[in-house]
Amino acid sequence: MFCPKCGKMIVKNEKFCAVCGQPIQINSFLKKADPASRMKRNFLIILSTCIALVLVASTILLLRKDKEPEANEDNLYAAAKDVYIEGDVQDEEVRTPTELYEEAKAFYDNEDYYAAIPLFQEAADLGVPDAQAYLGICYQYGLGNFSEQQEENKIKAIEWLSKAEKQGSIPGRYQLAFCYRTGYGVEQDNDEAIRLLNINAGLGDADSMAFLGSIFRSEDYEQNDLETAIEWTRKAAVAGSAKGQYELGVHYLNGIGVVQDYSEAVKWFQLAADQEYAAAQNNLGTCFDHGYGVEQNHEQAAYWYKLSAQNGFADAQINLALCYDEGSGVSQNYESAVGWLKAAADQGNALGQYYLGYHYENGLGVDVDYSMAADLYTNSAEQGYAEAAFCLGNLYSAGHGVPRDSKEAAAWYTFAAQQGHGKAQFVLGMSYIMGLGVIPSYETAEYWLKLAANQDVEGAEAALEVLPYVYYEYND
């Protein structure tokens, strides 16, 4: 071994260096000089240092957890949003044209047209046929931000529907056929509509088959053919078209082109109703209401009326309102009746407007309001509903909700009478006897009273018998 101070070799068992006098500690020297001992010592130092670092880090994390809010979806979303706003996120994942269309269609099906249209536009520009079709449909019906561009919409609708049709889009071809059938944006052309629908039908599209049936059944189509209409309608129904099933049910219900068969009608209405086809739900309710093809059941009638009414079908809303008025299948409730009548009237339904006016005139479920009744009767009568015209004549005659005006009353009585309304014919005949709002006329009075008598209107026959006496008494 050697002196740690001067490096002189030390003889074994010497306690001091002979040159410099440095004390020699054999044990310490050996420990310092032994490489294995030095490695062990270094390992222990490193190990203790790591343990200390781990403890410090754990303490820091615990302190931060106490101070920071617990992570949840809202916090993560906020953090992601902050990072996005700061520009730390790279470009979002690129979607395929098909994915764009599918996302747009989901928005469209949920009636979120403002969200759907930009995605349809993007996918359409990338050449997705069905995206082009639905973009055309959005233009056609003025959906979303297209609501105030009517003339421009026609051009754009036909442009996109034509592009879609050329690329083989079934919905695009169907809707283009509708445009040719109705003359929307193009010259009306039934033959072109039929050509397009035949292509779709050949591809198995059931709705196009149903559309073909409706064209061949229509009186405004010069080459209408009931046999061909039923053939296409049956094919559509068998292929699962709810429209086809409903229309085939109508054929059997009314015996149009087939032997009348209520049971068969119910069968097809049920299939369409199960697909939530509102018109079929209403007709199924009518069958239960009157016992057509099924055992009469007013509860079931009200059930199907309500499903149809909830789907926005105005006729069903009226039928359900009448159920509430009469307590048929449901507890009588005039307020509920008024609610459903308002829903129908808001759709411009003439019958709904009339019945709602009747409720206001008579205070059923609402306070009496002659002015509101007059407005509703007017809206209904202007659509040609004779009963509303007759009631409006009565309001003018009595001065309820409108200024009393016998001429205006006579005008509305005439309108209703000309449509075969028996009571209006009787009142109008009496008006010509007494000169109420019209110039007295024996012949005209007799004419209207005879028509009323032919409908067994109470008092009409008796009025005819005394006409020679009464007329001249009033017009002496």
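Predicted model: local features only at pLDDT ≥ 70, side-chain atom pairs only at ≥ 80, totals over all residues.
Helix axes are here taken as lines fitted to C-alpha atoms over the stretch in contact, with angles running from 0 to 180 degrees between N-to-C directions. Two packed helices are described by the angle between their axes and the distance between the axes.

The tour starts with helix H4 (residues 97–109) and helix H6 (residues 129–140), whose axes come within 10 Å and cross at roughly 35°. This crossing is left-handed. On the H4 side, the contact is formed by Tyr 101, Lys 105 and Tyr 108, and these meet Asp 130, Ala 131, Tyr 134, Ile 137 and Cys 138 of H6. By class, six of the residues in the contact of H4 with H6 are nonpolar and two are charged, with no polar ones.

From H16, the contact draws on Ala 314, Gln 317, Ile 318, Leu 320, Ala 321, Tyr 324 and Asp 325, while H17 supplies Tyr 334, Ser 336, Ala 337, Trp 340, Leu 341, Ala 343 and Ala 344. Eleven residues of this contact are nonpolar, two are polar and one is charged.

Helix H20 (residues 386–398) and helix H21 (residues 406–417) also have axes that come within 8 Å, with a crossing angle of roughly 165°. That angle makes H20 roughly antiparallel to H21, and the crossing of the pair is left-handed. Among the H20 residues in the contact are Ala 386, Phe 390, Leu 392, Gly 393 and Tyr 396; H21 contributes residues including Glu 408, Trp 412, Tyr 413 and Phe 415. The contact of H20 with H21 divides into ten nonpolar residues, three polar and one charged.

The largest pocket has a volume of about 340 Å³. Its lining consists of Ile 170, Pro 171, Tyr 174, Asp 205, Asp 207, Lys 243 and Tyr 277. Helix H8 (residues 170–182) gives the most to this lining, with three residues. Four of the lining residues are nonpolar and three are charged, with no polar residue.

Note on methods:
Residues numbered from 1 in each chain as written. Heavy atoms only, no water. Helix = DSSP H or I, 4+ residues; strand = E, 2+ residues; numbered from the N terminus. Left-handed = near helix turned anticlockwise from the far one by under 90°. Contact = heavy atoms within 4.5 Å. Nonpolar A, V, L, I, M, F, W, Y, C, P; charged D, E, K, R; others polar. 1 Å grid on protein atoms, 1.4 Å probe; cavity = no way out; pocket = protein on both sides within 12 Å on 5 of 7 lines; lining within 4 Å. Points joined across faces, edges and corners; volume = space filled by probe spheres on them. Parallel < 35°, antiparallel > 145°, perpendicular 65-115°, else oblique.
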